[in-house]
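I opened the notebook to look at one assembly, chain by chain and then across the interfaces. These are the entries in the order I made them.

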Amino acid sequence: MKREIPLIITFVAGVAFVLQYFIPHYPFNRFENIFSDWFSIVGAFAIWLGALSLMKLCLLNISKKSSDWPISLLIIVSFLAIVIAGAIDGFHGLNNVPATSFRDPGTNFDWLYQKVYTPLSSTMFAILAFFVASASYRAFRARNTAATLLLFSAFFVMIGRVPVGDYLSGWLPERMQLSHWANWLMAFPNTAGQRAVMIGIALGTVSTSLRIILGIERSHLEG
Amino acid sequence: MVALLRIAKSVVFISSLLFAISILPTHSVYSQDAGPSSSGLGSITVKAHDTDNDAGGSITVEWDDPGYEKLAGFKGFLILRAVMPSGGKDSVEVAPFGARSYDDRSVSDDNTYSYSVAALVNGEKLMSAPSMQARSSKQWFDSRLTWVLILGLIICGAVIYFIESAKRGTKLFLRRIAGLEAIDEAVGRATEMGRPILFVAGIQDMDDVQTIAGLTILGSIARTVAEYDTKINMPVRASLVMTAARETIKHAYVTAGRPDAYNDDMVHYVTDEQFGFVAAVDGIMVRERPAACFFLGAFFAESLIMAETGNSIGAIQVAGTAMPAQLPFFVAACDYTLIGEELFAASAYLSGEPRQLGSLKGADVGKAIAMIVILVGVIATTIASAWNSESMLWIENLLRQMFSTG
Amino acid sequence: MKKYYYWIILAALIIVLILLPKPLIVSPTVSTIITVLLGLALAGVLVLTLRGHMIGRRTVFLFIGVSLTLPFFMNYRMPIKVSPEVQTLYDAIAKLPPGSKVLAAFDYDPPSAPELQPQAEAFMAFAFKHNLKVIIMGLWPQGPQQADMAVTKVLQEPEIRAKNLRYGVDYVNLGFQSGNEFVIQRMGTSFSGMFPRDIYNTDYDKIPLLNGVENFSNIDFVFNLSSGQPGTVEWVQIAVDRYGVKLGAGNTAVQAPSVYPYLSSRRLTGLAGGMTGAAEFEQATKEIGKANTYILSQSFSHMVVIAFIIIGNAALFVGYRKSKQKGA
Amino acid sequence: MDSTLIGTWLAALLTLGIMSFIYKDNLYYKICEAIFIGVSAGYWFITYFWDSLYRIAWIGIVHEGRYVLLGGVILGAMMLTRLFGKIGWIARWPLAFIVGATAGLKMMVYFTTNAMAQIHDTVYDTVTAFGGGDLYNLIGRLVILLGTVTGLVYFYFSKEHKGLFGGVAKVGTWFLMITFGASFGYTVMSRMSLLLGRIDFLLTDWLKLVK
């Protein structure tokens, strides 16, 4: 039974959500909305599991006094700091008329978000610039036909999409300029490749979904 | 499973039945010519009927304009509604300029309504005669999706057919996918070097099919890992994925006969924040120095940060994603990349189960249809426009109708 | 001991930077000299590589950092040509009559702000100057906050301040709603169902601007700023395909290629992609802002990346020749 | 020192800390990473609490009487059975529901918007180009036609890539490579602008070196 019930649930849910796509009649028209609500509620419960797993690993590090236990302590402290700030700001906001949100400008939560979370997140994203450069230095070598094509199309788009490209080719007729070639590459060969990938993905999704619905693919449900 | 398949077949049957019912007429259109109006322009003709393909609660009002909109001082068409049999008129809405139809979504399926439309010119209301009565209703099938249903049934039917025939023992040929052998090789190397394996199942939650595909590949990898007794480290970004991944790995360890070696902490949640997760994964990479990194699932901008960091520590890297925008980075920075659909196919290949492989064959039918339709469509249209061929024009129109989705 | 050198150098550098005269702008002559020096350094790297010394990642990183930072101090502006997809976007917005209701969907967060914020500011300024009514919403939690920043900044422009725009009448911020593409789906039937209250907790019905705005049929144009999922793809798939809205978008450069198919099938009206798109959009709307400053740094770093690609291939080419000679 | 100034300094120091990672892993980065993990995990924890548990579930059920939401709460509670070893298997039920619903939902969405719409556009685009007579457009559309079909051949699993079929598949991979190159080239630009944003913050807001 432990094994069958989840498979039946998967099957019924899958079929119901395929059918709802075609049926505007109540209650099928409500399915998508209900699913999105349920999903976010389940997510809110599940994050307790995640947070506890994170805390557990950190506490384990601290109790074992492993080499970087102060780092684990720092994780716990910063976690609690923003949770407490958000909880206090939130409950405080409930009493205001009209009620205010925990993330309104001026709250402690918002301060932490603006001054700690945002710079960290933006910078982590930003160091990608360095990695893009080193990856291009290494990867864009004309080793074989495929790599040469990759190199050439990247080169054209890169140079054609900055004003410098217009400087270099400004003397040519408009149809021959670099920016025009870059636009052409983006609009046609790029679209073609994207479409092939997209159609492939769509059919891959259909067959994977069917495998899931029919219970053939079920490793995530067996423990 | 046989029972489930039987249910699937009956579902297919029922849906075709529903489709058949749906193309029967479900509503009627009433219309009536209006009497002459006070301006010299002739009358506005109003039609009202149930809005097609909806969940009820809406009536579509259509009218024609004998030329009011061109008059100076024209303010708009006012739509008026009366509840039948006896109710008084109330105004619903002034339609925007140029509109000739309006969906009144404030009606109840239990009442019958009659509509009239008034042209507002210089403060005067030039009324049309009331329309015939209309009542809104719910539909059981969205008739615009008829071709979606038919094509969907063909492709799903093909998938199910090949699954069934594979189960009955028919030998199906499928070509190799480069990169799949690399998975075993990578795990083997990690074992030799005594270093761990890092697995990232993308950064989306369980409501993305790619995450599920990543997890099924994880199942195969974890089995090898359990057999070789290698260490696996899997940070996750969503708690639901953590739960599912634990089930997957646990099952793999049980199948490999080593349930005692399994530990929940192999899979650990870090944070829901995309780049916080990346910061942590990068930290794990430079400190634990895994010998092999797997990135299989839905990825966004973090793809290259992870792949380049993995590259700098000299790990074998196998990636796979169906995010077209991230594929270039994985192709550039990883040793092997499963491109788009290959990610979905990989789990079927790795399982080696005939039924799983059958489903791939079914998807190939879809690709064959796509190619044929594209080629036939283009050729038919070319011939149609060059020689005015009626039959080719018919094919062109048919294809266009089939594949238009909205 | 050597470990701490780097930190001491870094700290000293920061102190020097703090003590420097402000603002620090160099003359065109000095700018030219710096550019030439950078070029020479790259030539040096080329020579080294050709001799068989492959340079490490960190040297590449250093060049990128320097090439992005230096142009900030240069007093120079690049001429910019507006591309067709930005032009169609501008035309679509410029064609809207005053009083048109525009839905601005902010689906990005701070990391994408350098590319999208200039577009957001240019759009807001243009909309306010041309009396378009703007309804702001976000499918990303931080989106409406970004919108708020753009609005606050734009409202300080003298021409716009003179208009005395009022919240709730000329623009409104509906805030964030979770549910990704389902939100768009549900907005197809009812905006107020999805956004019962605005970001300041005012009821939907009590906001004058939203009077009569029931669903997409009451919206004249949707402008979507997007850096991922959910974003422009979802807006096209649901709002355009199912509800027939007119949609224009500003995307990050990464997102843009995956949106191009929709542009060529005309389901998307105009697209401003990446920093260049932002600079072009600023040019088209005549709202010159940060993007036009950034584009110089951008061009410098591009040249550096392209130089490194050329260097890498030169090394490969030399390697071929050497191996051929050995073979012969 | 006012809170804005402290905030700017804090943000600047955290920015430099993360950037130090590109040189190599170090204590400064580790500290910033720990703060990042803690703060962001907490951010999402509390956001889920207010946005989903309070705003959707509590307000929805208690104030608006939408009892259908109870289903979500029950599924959520089932997730938590994971914490109690013995009955932990119940957590598979909500997982099964989510996976099944996702499969059904995504299957149709991808089928219509990715497969059908793209096929439609490919045929339609080529058709309009034939009618248009513009050579530039015509060549472009033919390239789309060729690239899409050969690309699909590459993804075709049922036939070995040999002979003519293999040649066509090879052309398909070329198109994929051109696509990847174009995306990559386009992306380089975007990545630079992200770093620009941070450098702008350091130079303008923190050091006030430029206006």
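**Entry 1: chain C overall.** I began with burial in chain C. Of its 328 residues, 57% are buried. I note that this is a predicted model, so every value here is computed from it. I then looked up the secondary structure of chain C and found 13 helices and six strands. The C-alpha trace of chain C spans about 80 × 55 × 40 Å along its principal axes. I also checked how far apart in sequence its contacts reach. Among contacts in chain C with a separation of 6 or more, 76% are between residues 24 or more positions apart.

**Entry 2: chain A against chain D.** How many residues of chain A are in contact with chain D? I found 106 on the chain A side, touching 110 residues of chain D. Chain A and chain D bury about 10,500 Å² between them. Carbon and sulfur atoms carry 82% of that area. A:Trp38, A:Leu120 and A:Arg195 supply 7% of the area that chain A buries against chain D, more than any other three residues.

**Entry 3: polar links between A and D.** I searched this interface for salt bridges, and the rule finds one. It joins the side chains of A:Asp37 and D:Arg66, with N to O at 2.8 Å. I also looked up polar contacts across the interface of chain A and chain D. The rule finds 14 residue pairs, both residues at pLDDT 80 or more.

I then asked which helices of chain A make up the side that touches chain D. Several each supply at least two residues, among them helix 1 (4-19), helix 2 (31-63), helix 3 (69-95) and helix 9 (189-213). Helix 9 of chain A gives the most, with 20 residues. By class, this side of chain A has 74 nonpolar, 24 polar and eight charged residues.

**Entry 4: A:Asn190.** A:Asn190 lies in helix 9 of chain A. Is A:Asn190 buried or exposed? Its relative accessibility is 0%, so A:Asn190 counts as buried. I listed its contacts, leaving aside neighbours within four places in sequence. A:Asn190 is in contact with A:Leu185, with C:Pro257 and C:Tyr260, and with D:Thr179, D:Ala182 and D:Ser183.

**Entry 5: strand 13 of chain B.** I moved to chain B and looked up strand 13 (residues 316-321). Six of its six residues are buried. B:Ile316, B:Val318 and B:Gly320 point one way from the strand. B:Gln317, B:Ala319 and B:Thr321 point the other way. I then traced the pairing. Strand 12 (residues 292-296) of chain B runs parallel to strand 13 of chain B, and five bridges join the two. B:Cys293 has B:Gln317 in strand 13 as its bridge partner.

**Entry 6: chain B against chain C.** Nine residues of chain B are in contact with six residues of chain C. The two chains bury about 840 Å² between them, 45% of it on carbon and sulfur atoms. In chain B, B:Arg105, B:Phe300 and B:Ala325 lose the most area to chain C, together 38% of what that side buries.

The rule finds one salt bridge across the interface of chain B and chain C. C:Arg57 forms it with B:Glu308, the closest N and O atoms being 3.8 Å apart. The side of chain B that touches chain C has three nonpolar, four polar and two charged residues.

Notes: Residues are numbered from 1 along each chain as its sequence is written. Chains are lettered from A and ligands numbered from 1 in the order in which they are written. This is a predicted model: local features need pLDDT of at least 70, side-chain atom pairs count only at pLDDT 80 or more; totals for chains, interfaces and linings use all residues. Side-chain values use heavy atoms; hydrogens and water are left out. Contact means heavy atoms within 4.5 Å. Buried area is the accessible area (1.4 Å probe) that two parts lose on being put together, summed over both. A salt bridge is a side-chain nitrogen of Lys or Arg within 4 Å of a carboxyl oxygen of Asp or Glu. A polar contact is a pair of N or O atoms within 3.5 Å; within protein, one must be able to donate a hydrogen and the other to accept it, and residues adjacent in sequence count only if both atoms are side-chain atoms. Helices (H or I, at least four residues) and strands (E, at least two) are DSSP runs, numbered from the N terminus. Ala, Val, Leu, Ile, Met, Phe, Trp, Tyr, Cys and Pro count as nonpolar, Asp, Glu, Lys and Arg as charged, and the others, Gly among them, as polar. Buried means under 20% relative accessible area, exposed over 50%, partly exposed in between (1.4 Å probe, protein chains only). Two strands pair if DSSP finds at least two bridges between them.
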